[in-house]
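Here is a short report on one protein model. Keep the sequence and the 3D view open while reading.

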Amino acid sequence: MALSIRFNEIYRETSDAVIGRQIEVRSILTAVGAGKHILLEGPPGTSKSTLLRLIAKTAGIPFYIIEGNIDLTPAKLVGHFNPAKVMADNYRPEYFEKGPLTKAMEKGGILYIEEFNRMPADVSNVLISPMEEGEITIPRYGSVSAVPPFTVIASQNPFDDVGTVRVSRAFMDRICLIKMDYQSEDEEIEIVSARTHSKDSKIIDLAVKLVRETRHHPDIKQGASIRAGIDLVDLYEGMQKLTDEPEQNFLTSARMALSNKIWLNEMAARSADEIIEEIWERYHGEPIVPFTSPKPKKEISDTDENQKKKPAL
Ligand SMILES: Nc1ncnc2c1ncn2[C@@H]1O[C@H](COP(=O)(O)OP(=O)(O)O)[C@@H](O)[C@H]1O
Ligand SMILES: [Mg+2]
């Protein structure tokens, strides 16, 4: 069934499975249905992959993902002839090993290129003709026509300015921009609740507050995403099962979850751990206890049950 006919159903199903993001789901679906290509601009952890995988799955569209980096070549994107078979038996179309671009074109799929602005310009230029004409000519293989709803979706981190290339005007002119900013505090709390199964609303609130603070700190170039909030709560819950030391466990979990995920300014005089501690201190006046989650057992016995519950630290 054509994508446009099932549009409402796909929209409903996708919206039910993600928290918030209704406008973004609508924007992506509309663009894919209208044959437009998309640039998703947002920092890591802003649900780009989650949304795209979900939309592709719900709509039954094949999904191909590739990471844009300096080592990406046109051959990795388009495909290449198997050298051994060509040596033995000359060039034959069946010896062509298709890359994700060719597969997505032939199957009417989504080609998702993460960190698009990290790949060399000659690779992004290969995309212009498929995006503009819906066609690509591969020497000795032939001409490939894109089957609808073939769509190129590229993502770019707005904070990333080291080792990136400026996306060409020619490419920008052929693509629609969808911005993926961090979500509201309420939605982030909902995401952490859904992804961690923690029942401790106080801890979830605190984790989300801490993560959000990192996004406005003068020493931090790129703050943490909600991934850090999910990690923090999971780690904290795990540690609490071992010892009931809420303050210490929260700070240790915060360091583990956050310090490698924040990106410091070049001029920052302090370490990530020190900054996390400083942010944490602001909330320190109010102790974490009492708990809303069940009290941990005093003694840990190594029964099967406990083994299962042990956190993957
Ligand atoms: N709106 C949301 N609804 C549900 N889960 C979300 C949402 N935003 C982020 N997440 C969760 O946060 C994590 C990071 O999301 P992801 O889609 O991988 O981000 P990105 O691809 O932008 O780096 C995933 O575990 C995802 O499930
Ligand atoms: Mg991703």
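Arg140 is found in the loop between strand E6 (135–138) and strand E7 (142–145). Helices (H or I, at least four residues) and strands (E, at least two) are DSSP runs, numbered from the N terminus. Arg140 is not a glycine, yet its phi is positive, at about 70 degrees. Most residues other than glycine have a negative phi, and most peptide bonds are trans. Arg140 has 12 other C-beta atoms within 10 Å, so it is exposed. The burial classes count other C-beta atoms, placed from the backbone, within 10 Å of a residue's own: 20 or more is buried, 12 or fewer is exposed, and in between is partly exposed.

This is a predicted model, in which local features need pLDDT of at least 70 and side-chain atom pairs count only at pLDDT 80 or more, while totals for chains, interfaces and linings use all residues. Residues are numbered from 1 along each chain as its sequence is written, and chains are lettered from A and ligands numbered from 1 in the order in which they are written.

**Backbone exceptions**

Ser47 also belongs here. Its phi is near 70 degrees, a positive value in a residue other than glycine. Ser47 sits in the loop between strand E1 (38–41) and H3. With 23 C-beta neighbours inside 10 Å, Ser47 counts as buried.

Where is the cis peptide bond that involves Pro149? The bond joins Pro148 and Pro149, with omega about 0 degrees. Pro149 lies in the loop between E7 (142–145) and strand E8 (151–156).

**Overall make-up**

The protein has 14 helices and eleven strands. Of its 313 residues, 34% count as buried. Two residues are in contact if their C-beta atoms, placed from the backbone, lie within 7 Å. Among contacts with a separation of 6 or more, 73% join residues 24 or more positions apart.

**Cores**

A nonpolar core is a set of buried Ala, Val, Leu, Ile, Met, Phe, Trp, Tyr and Cys residues joined through C-beta atoms within 7 Å. The largest one holds 39 residues. Which of them touch the most other members? They are Leu52, Ile55, Ile110 and Ile153. Helix H3 (residues 48–59) gives the largest share of this core, six residues. Apart from it lies another core, of 28 residues, including Ile204, Met239, Phe250 and Ile275.

Leaving out residues up to four places away in sequence, Ile110 touches Leu52, Ala56, Ile61, Phe63, Tyr64, Ala104, Thr151 and Ile153. Tyr112 is placed in strand E5 (residues 110–114). Tyr112 is buried, with 25 other C-beta atoms within 10 Å. With the sequence exclusion of up to four places, Tyr112 touches Leu52, Phe63, Tyr64, Ile65 and Ile153. Tyr112 and Arg53 are 59 residues apart in sequence, but their C-alpha atoms are 9.6 Å apart in space.

Ala75 is in helix H4 (residues 74–78). It counts as partly exposed, with 13 C-beta neighbours inside 10 Å. The C-alpha atoms of Ala75 and Leu101 are separated by 10.0 Å, and the two residues are 26 apart along the chain.

Two packed helices are described by the angle between their axes and the distance between the axes. Axes are lines fitted to C-alpha atoms, for helices over the stretch in contact, and angles run from 0 to 180 degrees between N-to-C directions.

| Helix pair | Axis distance | Angle |
|---|---|---|
| H9 (residues 185–196) and H10 (residues 201–213) | within 9 Å | roughly 125 degrees |
| H9 and H11 (residues 226–242) | 9 Å | about 45 degrees |

H9 is oblique to H11. H9 and H10 are oblique to each other too. Angles under 35 degrees count as roughly parallel, over 145 as roughly antiparallel, 65 to 115 as roughly perpendicular and the rest as oblique.

On the H10 side, Glu185, Glu188, Ile189, Val192 and Ser193 of H9 meet Ile204, Asp205, Ala207, Val208 and Arg212. These residues divide into five nonpolar, one polar and four charged. Here Ala, Val, Leu, Ile, Met, Phe, Trp, Tyr, Cys and Pro count as nonpolar, Asp, Glu, Lys and Arg as charged, and the others, Gly among them, as polar.

Towards H11, H9 uses Glu188, Ile191, Val192, Arg195 and Thr196. Their partners in H11 are Ile226, Gly229, Ile230, Val233 and Asp234. This contact has five nonpolar, two polar and three charged residues.
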